[in-house]
Amino acid sequence: MRKISPLYLLLLTVAFSFSQEKEKNATYIDAQIFRGNIIKHADYVGHLISGHPDGVFVGFNWKTHGKKEWQQVYNYPDYGLSYQYIDFKNKSLGVNHAIGVHYNFYFLKRHLMLRISQGIGMTSNPYDKETNNKNNAFGTKILDNNYFLLQYQKQNLFDKVGIQVGLMLTHFSNGRFKAPNSGINTFALNVGLNYNFDEEKPFIKDSLPPNSSFRERIKYNIAFRTGRSEGPVPRLGQRQFYHIGLYADKRIGRKSALQLGTDIFFSRYLRDYIKFVSIAFPQDHKDYADPDTDYKRIGLFVGHELFINKVSVETQFGYYVYKPFDYEIDIYQRVGLKYYVYKNCFTGVGLKTHGGRAEAIEATIGIRL
């Protein structure tokens, strides 16, 4: 049976949360073009930078007007779906397509807009040992994509037509689902138009409960994370991993909770990589590793959870206190989306990284007691 990729679970998790919005909202569409540069986040992607990538965005957006409390707290954000096309101007990389779900957050009297998007991408030219071995960025045809827009936006400038202009950062990788996977980050300028299909509705302004009413006692969480990953060497083979998180959190208001905990990592692809290193490098080489070295790791982390409706954004920074095999740096990060199925039960997807290098896309289930 074909396994379901965490990339699909990621999109389904957020799309399901959008489906819970029952109210009929005003809608608008935006279409934008962009042009920019690939960020050289490591020396081994330098050969993939040969031009200025350009492309288009098309987004469909649903407005909120304060019918629910979280909409007022976040200054009446939009949520929506978007399509992205990007031409990397490089023969090995080709072009990418992506679809995703997003939130638009507004500041400065709703003229400054920040969009955060998560979705699934597809590349035209994935790595192939014989026909495309220079593409060490995309080891699979299906990819994870996230992007950020920071824009000046003016709606209804000419009747229902408005403008928007700003900056974009977009990222494509497969989260080490399969090697190689250096990923590509692109920074660009963008400009476009928007069109409102509906008349503007007034914002509902209820008196919100005080921030202190959301404070809770310390809660204890158990998170089980799994997926498939491959070592940094192509064709070592994909292996299932199991990451267990045990942590406490303290809610400090309507939007935020602080976290402190530990992770236990059973990353089975490391067993294969340890054996590979022990054979590939002789004992007098500085990179030699004993084939019996323990592949398990333990980390301590601090984190933050940002609550948005039933969805939350989780950010964690950790340090390995047990890591017998010298692999990657000692500091790791995790960013993820969580969806609270019930009050104390959650699911979601996260990306575990070491700096700019992704290690795993984690499908998560957990409980908050």
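Visitor: Which strands are included in what covers the buried residues of helix 3?
Guide: This is a predicted model. Helix 3 has seven names to look for: Tyr269, Leu270, Asp272, Tyr273, Ile274, Val277 and Ser278 are buried. Their cover includes strand 9 (219-229), strand 10 (239-251), strand 11 (256-267), strand 12 (297-308) and strand 16 (357-368).

Visitor: How far apart are the end C-alpha atoms of helix 3?
Guide: Helix 3 covers residues 269-280, which is 12 residues. At 1.5 Å a residue, the helix should span 16 Å. The model agrees, because the end C-alpha atoms lie apart by 16 Å.

Visitor: Is valine 56 buried, exposed or partly exposed?
Guide: Valine 56 lies in strand 2. It belongs to a nonpolar patch on the surface, with about 1,000 Å² of accessible area together. Its own relative accessible area is 31%, so valine 56 counts as partly exposed.

Visitor: How many residues apart are lysine 160 and glutamate 199?
Guide: Their side chains meet in a salt bridge, 3.9 Å from N to O. Lysine 160 sits in the loop between strand 6 and strand 7, and glutamate 199 in the loop between strand 8 and strand 9. The pair links distant parts of the chain, with a separation in residues of 39.

Visitor: Which residue forms a salt bridge with arginine 334 at 2.7 Å?
Guide: Arginine 334 also meets aspartate 263 in a salt bridge, at 3.3 Å. The partner at 2.7 Å lies in strand 16 and arginine 334 in strand 14, so the pair ties together parts that are 28 residues apart in sequence. The partner is glutamate 362.

Visitor: Which residues are linked with arginine 334 in a network of salt bridges?
Guide: A search of the whole structure finds 22 salt bridges. Linked with Arg334 in the network are Arg225, Asp263, Glu305, Glu314, Lys338 and Glu362.

Methods: Residues numbered from 1 in each chain as written. Predicted model: local features only at pLDDT ≥ 70, side-chain atom pairs only at ≥ 80, totals over all residues. Heavy atoms only, no water. Helix = DSSP H or I, 4+ residues; strand = E, 2+ residues; numbered from the N terminus. Expected span 1.5 Å × (residues − 1). Buried < 20%, exposed > 50% of the residue type's maximum accessible area, 1.4 Å probe, protein only. Contact = heavy atoms within 4.5 Å. Patch = residues over 30% accessible without salt bridge, like charges linked within 9 Å, V, L, I, M, F, W, Y side chains within 5 Å. Areas by Shrake-Rupley, 256 points an atom, 1.4 Å probe, with all protein chains shown as cover. Salt bridge = Lys/Arg side-chain N within 4 Å of Asp/Glu carboxyl O.
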